[in-house]
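Grab a pencil and work through these exercises one at a time. Try each task yourself before you read its solution.

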Amino acid sequence: MRARHLATAAALALTTALLAATPAPAQPSATTPPSGSRPAPARPAGHTEVPVEGGSARFATPPALLAALKARGVALADVDRRGTVTPHHDSGGISLAIKGGAVTNSGGKAGGELRLADAGIALVNRTAKKTVKVTGFTVDLGQGTLRARLNRGPSMTVGTFTRPAIASAIDTHAAALRMDTGITVTAAAAAKLNAALGTTGFTGGGPLLHARIDAALDRSVDLATALNLGHRPASTDAGRRSAGVAGGGVPWEW
């Protein structure tokens with residue numbers, strides 16, 4: 001019996017020692033995020049996405065292309081968001097609302113994306129009785145591409161343009177991105193347009209459109225910091241705005 005008591009006492013002593021040596025589970029501190037939560041990603045200065053809150057993009061057909069299309073019996077028309085085609089009477093081009101997107105500083109040049117209204121441009125070959133509706137425009141600032149849908153098909157790159165320097169494209173006082181640029185047609189888009197219209201008016205690498213873009217940015221954002229524009233003197237933007245000039249020295253008069 002004495003031996004049994006001694007063995008029991010030894011077992012209890014060993015259990016007590018093991019419990020004392022086991023560390024207590026760590027209690028989460030006030031600054032430790034809950035288990036399973038994701039830490040907020042760091043956003044370096046100049047890489048913030050600034051929301052686009054509206055604006056407009058005006059597209060005009062270069063005179064040389066317009067003449068080439070006219071010679072082949074192709075005329076321009078307007079197409080609304082429902083797909084209805086109506087005659088085009090504005091010689092200055094077509095204006096589409098900007099319905100969303102974001103702007104970033106991508107390597108010192110404008111980055112981000114502009115999404116335009118669902119309306120667009122129609123090309124009508126009266127001789128061949130064929131029509132192409134070009135809608136769903138998206139301006140990819142980071143890639144320098146214009147995307148659109150031909151006859152409600154999948155979105156494709158229809159043109160390319162030279163990306164502007166972010167510092168010259170942003171008006172911090174007006175909280176706007178402004179661009180004035182030519183767009184050249186891609187070889188793939190030229191082939192699709194020619195085939196759909198039964199014509200040879202488009203040539204890959206040739207002029208497609210001239211775009212003037214005025215995108216309104218979120219006014220609550222400090223653009224100089226968010227887009228890493230540096231500390232430009234106020235007179236720089238003010239003088240540029242009062243002269244009505246967007247990067248490249250082109251007056252902003254429609």
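## Exercise 1: Val-124

Val-124 is buried, with a relative accessible area of 19%. Keep in mind that this is a predicted model, where local features need pLDDT of at least 70, side-chain atom pairs count only at pLDDT 80 or more, and totals for chains, interfaces and linings use all residues. Residues are numbered from 1 along each chain as its sequence is written, and side-chain values use heavy atoms, with hydrogens and water left out.

**Task.** Find out why Val-124 counts as buried, then list what Val-124 is in contact with.

**Solution.** 
- Step 1: Get the cut-offs. Buried means under 20% relative accessible area, exposed means over 50%, and partly exposed is in between (1.4 Å probe, protein chains only).
- Step 2: Apply them. Val-124 has 19%, so Val-124 is buried.
- Step 3: Locate the residue. Val-124 sits in strand E6; helices (H or I, at least four residues) and strands (E, at least two) are DSSP runs, numbered from the N terminus.
- Step 4: Look for contacts (heavy atoms within 4.5 Å). Skipping neighbours within four places in sequence, Val-124 is in contact with Gly-73, Val-74, Ala-75, Ala-77, Lys-130 and Thr-131.
- Step 5: Compare sequence and space. Pro-87 is 37 residues apart from Val-124 in sequence, and the C-alpha to C-alpha distance is 9.7 Å.

## Exercise 2: Two threonines

**Task.** Decide for Thr-181 whether it is buried or partly exposed, and do that for Thr-86 too.

**Solution.** 
- Step 1: Start with Thr-181, in strand E11 (residues 176-185). Its relative accessibility is 11%, so Thr-181 counts as buried.
- Step 2: Check who touches Thr-181. Neighbours within four places aside, the contacts are Phe-161, Thr-162, Leu-209, His-210 and Ala-211.
- Step 3: Move to Thr-86, in strand E3 (residues 85-87). At 37%, Thr-86 counts as partly exposed.
- Step 4: Check the contacts of Thr-86. Not counting residues up to four places away in sequence, Thr-86 touches Ala-77 and Asp-78.

## Exercise 3: The core

**Task.** Which residues touch the most other members of the largest nonpolar core?

**Solution.** 
- Step 1: Know the term. A nonpolar core is a set of buried Ala, Val, Leu, Ile, Met, Phe, Trp, Tyr and Cys residues joined through side-chain atoms within 4.5 Å.
- Step 2: Name the residues. The largest one has 51 residues, and Phe-59, Val-103, Leu-114, Ile-170, Leu-177 and Phe-202 touch the most other members. Strand E12 (residues 207-217) gives the most to this core, with six residues.
- Step 3: Zoom in on Phe-202. Leaving out residues up to four places away in sequence, Phe-202 touches Leu-65, Leu-69, Leu-123, Ala-190, Leu-193, Asn-194, Leu-197 and Leu-208.
- Step 4: Zoom out. Of the 254 residues of the protein chain, 36% count as buried, and the chain has six helices and 14 strands.

## Exercise 4: A cavity inside

**Task.** How do the residues lining the largest cavity divide by class?

**Solution.** 
- Step 1: Set the rules. On a 1 Å grid over the protein atoms alone, a cavity is a set of points where a 1.4 Å probe fits but cannot get out, and lining residues have an atom within 4 Å of a point. Grid points are joined across faces, edges and corners, and a volume is the space filled by probe spheres set on the points.
- Step 2: Count. The structure holds two cavities of 30 Å³ or more, and about 160 Å³ lies in the largest.
- Step 3: Find the lining. There are 14 lining residues, with Ile-121, Leu-123, Val-134, Leu-208 and Leu-209 nearest the centre.
- Step 4: Sort them. Ala, Val, Leu, Ile, Met, Phe, Trp, Tyr, Cys and Pro count as nonpolar, Asp, Glu, Lys and Arg as charged, and the others, Gly among them, as polar. That gives 13 nonpolar, one polar and no charged residues.

## Exercise 5: Phi in a loop

**Solution.** 
- Step 1: Most residues other than glycine have a negative phi.
- Step 2: Read the values. Asn-151 has a positive phi of about 50 degrees although it is not a glycine, and Arg-152 has a positive phi near 65 degrees.
- Step 3: Asn-151 lies in the loop between strand E8 (145-150) and strand E9 (155-160), and Arg-152 lies in the loop between E8 and E9.
- Step 4: Asn-151 is partly exposed at 39%, and Arg-152 counts as partly exposed at 39%.

Methods. On a 1 Å grid over the protein atoms alone, a cavity is a set of points where a 1.4 Å probe fits but cannot get out, and a pocket is an open set with protein on both sides within 12 Å along at least five of seven lines; lining residues have an atom within 4 Å of a point.
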